[in-house]
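Visitor: Could you walk me through how the helices pack in this one, and what the charged side chains do around the rings?

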Amino acid sequence: MIINGNEIKEKVLDDVRSLAQGTAKRVCFVQFGSDEASAAFIKMKLRVADGLGIQADVIHKDPADTAEALLLMGEIIEKNYDGIVVQLPLPQHLDTDLIIDSIPTEMDIDILSEDAKAHYRAATTERVAPVAGAVQEILWENKIILIGKKIAVLGRGKLVGEPIIMLLDRQELPYTVIDITTPEEEKIKSIQEADVV
């Protein structure tokens, strides 16, 4: 099946633009370190925010350690943004989990903190992690129903695999996770037998 991602993207942007009208939303993208891919992703996010009329700030710092990064996060949080994104990956000398968990749940756009994930799993929030939301939108737009399908999830990463797993768990759908610990024969078999990967 060939899916027109651009068409779906434009529809989602139109929906968000309608919701954002008449509001003055402020978001902050945080980059610790100098990862070039992270900087490129932030530029793309800034373009989208601008097109939606959302004020977006970028904080780019290179903290010496996790303690300094947490102090910087405290300063950012005090500015009362509507949403904060800490762009991953972080430099190896920083504790990613501690830094992500410092984001208040109501500001955690990516739903990466343990508290935000717990609210999502318990269905006490309507917010969805961006990747899981994108997958959900693709399924809806293409009238793909997952009930009764064999589903394979590739990886358990923070940004893609884990949010997809949480989405499937919340919908009580069975799935198989294939990651680097999965034996090669099992990987091939699971992918070949899957209706949805």
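This is a predicted model: local features need pLDDT of at least 70, side-chain atom pairs count only at pLDDT 80 or more; totals for chains, interfaces and linings use all residues.

Visitor: At what angle do helix 6 and helix 7 cross?

Guide: The axes of helix 6 (residues 130-141) and helix 7 (residues 161-170) cross at roughly 55° and come within 8 Å. Axes are lines fitted to C-alpha atoms, for helices over the stretch in contact, and angles run from 0 to 180 degrees between N-to-C directions. Helices are DSSP runs (H or I, at least four residues), numbered from the N terminus.

Visitor: Which residues of helix 6 and helix 7 meet?

Guide: Val131, Ala132, Val135 and Gln136 in helix 6 meet Pro163, Ile164 and Leu167 in helix 7, where contact means heavy atoms within 4.5 Å.

Visitor: And how far apart are the axes of helix 1 and helix 6?

Guide: The axes of helix 1 (residues 5-20) and helix 6 are 11 Å apart, at an angle of about 110°. From helix 1, Ile8, Lys11 and Val12 meet Glu137, Ile138 and Glu141 of helix 6.

Visitor: Changing topic: which ring does Arg26 lie over?

Guide: Arg26 lies over the face of Tyr81, 4.4 Å from the ring centre. The criterion is NZ of Lys or CZ of Arg within 6 Å of the ring centre and within 35 degrees of the ring normal.

Visitor: What about Arg170?

Guide: The charged end of Arg170 sits over the ring of Tyr120, at 4.4 Å from its centre.

Technical notes: Residues are numbered from 1 along each chain as its sequence is written. Side-chain values use heavy atoms; hydrogens and water are left out. Helices (H or I, at least four residues) and strands (E, at least two) are DSSP runs, numbered from the N terminus.
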